[in-house]
Amino acid sequence: MCGDERTERVCLQRSREVVALRPQASERSELLDLFGVPAAMLPEVRDSAGDFGRTSPELFGAEIPIRGIAGDQQAALFGQAAFELGAVKCTFGTGAFALLNTGPQRIHSENRLLATIGWRIDGRTTYALEG
């Protein structure tokens, strides 16, 4: 939408999690090697709210600022004001998804739930378990 590399910052929220949630540089390197992705191609991990550029004027008749990113279930968690540790939201649509706010700690599930980034604001990441 921006007509330059900033688009990737907005569109690849979920892709960045695959690498961002790996705690060790060696594990990140293994994943990148496995998928044949050069590290330089990874999007920058940024706060969920910020300046992500502007849309191309051809799209909407004028430039529109892009000031935040929010992925599907993470947007619902935030939108339902599940800001407190332990808050849960469940959505139903094309599937059924539950997210549990785990606060600043990434929790490794023993029950096959996915650890995910809920959002990052002012450099502070809030994690969630998704299932």
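Two rings of Phe, Tyr or Trp, taking the six-membered ring for Trp, count as an aromatic pair if their centres lie within 6.5 Å. In this predicted model, a search of the whole structure finds three such pairs. Ring pairs link F78, F83 and W119 into a cluster.

**Aromatic pair F78–W119**
- F78 and W119 pair edge-to-face. Their ring centres are 5.0 Å apart, with 80 degrees between the planes.
- F78 belongs to helix α5, residues 72-79, and W119 to strand β3, residues 114-121. The pair therefore ties together parts that are 41 residues apart in sequence.
- F78 is partly exposed, at 37% relative accessibility.
- W119 has a relative accessibility of 8%, so it counts as buried. The cut-off for buried is under 20%.

**Aromatic pair F83–W119**
- F83 and W119 have ring centres 6.1 Å apart. Their planes stand at 80 degrees, so this pair is edge-to-face; the cut-off for that class is over 60 degrees.
- This pair, too, links distant parts of the chain. F83 sits in the loop between α5 and β1 (88-92), while W119 is in strand β3, 36 residues apart.
- F83 has a relative accessible area of 44%, so it is partly exposed. That class runs between the 20% limit for buried and the 50% limit for exposed.

**Arginine R46**
- The R46 side chain reaches the backbone oxygen of D51 at 2.9 Å.
- The charged end of R46 also sits over the ring of F52. The distance to the ring centre is 4.6 Å.

- F35 has 58% relative accessibility, so it counts as exposed. The cut-off for exposed is over 50%.

Technical notes:
Residues numbered from 1 in each chain as written. Predicted model: local features only at pLDDT ≥ 70, side-chain atom pairs only at ≥ 80, totals over all residues. Heavy atoms only, no water. Polar contact = N/O pair within 3.5 Å; in protein donor to acceptor, adjacent residues only side chain to side chain. Buried < 20%, exposed > 50% of the residue type's maximum accessible area, 1.4 Å probe, protein only. Phe/Tyr/Trp six-rings, centres within 6.5 Å; stacked < 30°, edge-to-face > 60°. Helix = DSSP H or I, 4+ residues; strand = E, 2+ residues; numbered from the N terminus. Lys NZ or Arg CZ within 6 Å of the ring centre and 35° of its normal.
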